[in-house]
Amino acid sequence: MASGGLQLLGFVLAFLGWIGIIISTAMPQWKMASYAGDNIVTAQALYEGLWMSCAMQSTGQIQCKVYDSLLKLESSLQATRALMVAAILLGLVAIFVSVIGMKCMKCMEDDQVKKMRMAVFGGVIFIVAGLAALVATSWYGNRVAQAFYDPYTPVNTRFEFGSALFIGWAAASLAILGGSFLCCSCPRRETSYPPSRGYPKNAPSTGKDYV
């Protein structure tokens, strides 16, 4: 029963991580304009994401523009897009595979070993999805940090980490942690011992001795 509870906990954590990856991918706040170090007074805040760039006015009005051409984008941004989309698709596959292997489901009840292996396989896919999202967000964040500390970057074009990056890091961690819990439901191999050889029993004495 404890293994079933751990399995359910892992699935919930991984599912929440998958939802977080979707939210992070769709958000435009992957990086936000930085005004640190200079007393710049501006009436708008600038954000850039994987799919669009946005400007929020002081009145609260937000104007966003979708990137026009895919080929004009930086290769790092295209790679980040691909990794996040791959993480979402892998997470979707992991959900279906893990649900089949859950102990609370009635699928494949005839073979419990295969059922547990399905749950473990789903956990492995969740871990791969979390790692893909973690690589994408960390890579993007590293490029933002490098551009921020580059002395040749103009002050008005420096950006800081946006909220989508933090959500992506948290979501990737949940997916990896949940997948690890699912992998803990791996069936243990039972050691099989050869059947013991029986020794012939002596026939009971009848009390009659023959000479």
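The model is predicted, with local features requiring pLDDT of at least 70 and side-chain atom pairs counted only at pLDDT 80 or more, whereas totals for chains, interfaces and linings use all residues. Residues are numbered from 1 along each chain as its sequence is written, and side-chain values rest on heavy atoms, with hydrogens and water left out.

The protein chain contains 4 helices and 5 strands, where helices (H or I, at least four residues) and strands (E, at least two) are DSSP runs numbered from the N terminus. Along the sequence these elements follow the order α-β-β-β-β-α-α-β-α. Of the 211 residues in the protein chain, 32% count as buried; here buried denotes under 20% relative accessible area, exposed over 50%, and partly exposed the range in between, with a 1.4 Å probe and protein chains only. Among contacts (heavy atoms within 4.5 Å) between residues at least 6 apart in sequence, 66% join residues at least 24 apart.

An unreviewed UniProt entry lists residues 7–27, 79–100, 120–141 and 161–184 under "transmembrane region"; the positions are given in the numbering used here, feature names are shortened, and such annotations may be inferred rather than shown by experiment. In the model, the span 79–100 is 100% helix and 0% strand, and its end C-alpha atoms are 32 Å apart. The span 161–184 is 88% helix and 4% strand, with its end C-alpha atoms 35 Å apart.

The structure holds 1 disulfide, a term applied to a pair of cysteine sulfur atoms within 2.5 Å. This bond is formed by Cys 54 and Cys 64, whose sulfur atoms lie 2.0 Å apart. The two cysteines are 10 residues apart, with Cys 54 in strand S3 (residues 52–57) and Cys 64 in strand S4 (residues 62–66). The torsion about the S-S bond of Cys 54 and Cys 64 is about 110 degrees, and the disulfide is therefore right-handed. Cys 54 is buried at 5% relative accessibility, whereas Cys 64, at 43%, is partly exposed. Two further cysteines, Cys 183 and Cys 184, have sulfur atoms 7.2 Å from each other, which is too far for a bond, and Cys 184 is in no disulfide. Cys 183 counts as partly exposed at 23% relative accessibility, while Cys 184 is exposed, with a relative accessible area of 52%.

Thr 137 is located in helix H3 (residues 112–149) and is buried, at 0% relative accessibility. When neighbours within four places in sequence are left aside, Thr 137 is in contact with Trp 30, Met 84, Leu 165, Gly 168 and Trp 169. With one of these residues, Trp 169, the side chain of Thr 137 makes a side-chain polar contact at 3.1 Å; a polar contact is a pair of N or O atoms within 3.5 Å, of which, within protein, one must be able to donate a hydrogen and the other to accept it, and residues adjacent in sequence count only if both atoms are side-chain atoms. The C-alpha atoms of Thr 137 and Arg 81, residues that are 56 apart along the chain, are separated by 10.0 Å.

The structure holds 7 aromatic pairs, in which rings of Phe, Tyr and Trp (its six-membered ring) have centres within 6.5 Å, and planes under 30 degrees apart count as stacked, over 60 as edge-to-face and the rest as tilted. Among them is the tilted pair of Phe 15 and Trp 18, at 5.9 Å centre to centre and with 40 degrees between the planes. Phe 15 and Trp 18 are separated by about one helical turn, because they are 3 residues apart in helix H1 (residues 2–26). Phe 15 is partly exposed, with a relative accessible area of 32%, whereas Trp 18 is buried at 13%. Phe 161 and Phe 166 form an edge-to-face pair, with centres 6.3 Å apart and planes at 75 degrees; Phe 161 is partly exposed at 31% relative accessibility, and Phe 166 is likewise partly exposed at 47%. Ring pairs also link Phe 11, Phe 15 and Trp 18 into a cluster.

Charged groups also sit over aromatic rings, a term that requires NZ of Lys or CZ of Arg within 6 Å of the ring centre and within 35 degrees of the ring normal. Lys 31 lies over the face of Phe 159, at 4.7 Å from the ring centre, and the charged end of Arg 158 sits over the ring of Phe 148, 5.9 Å from its centre.
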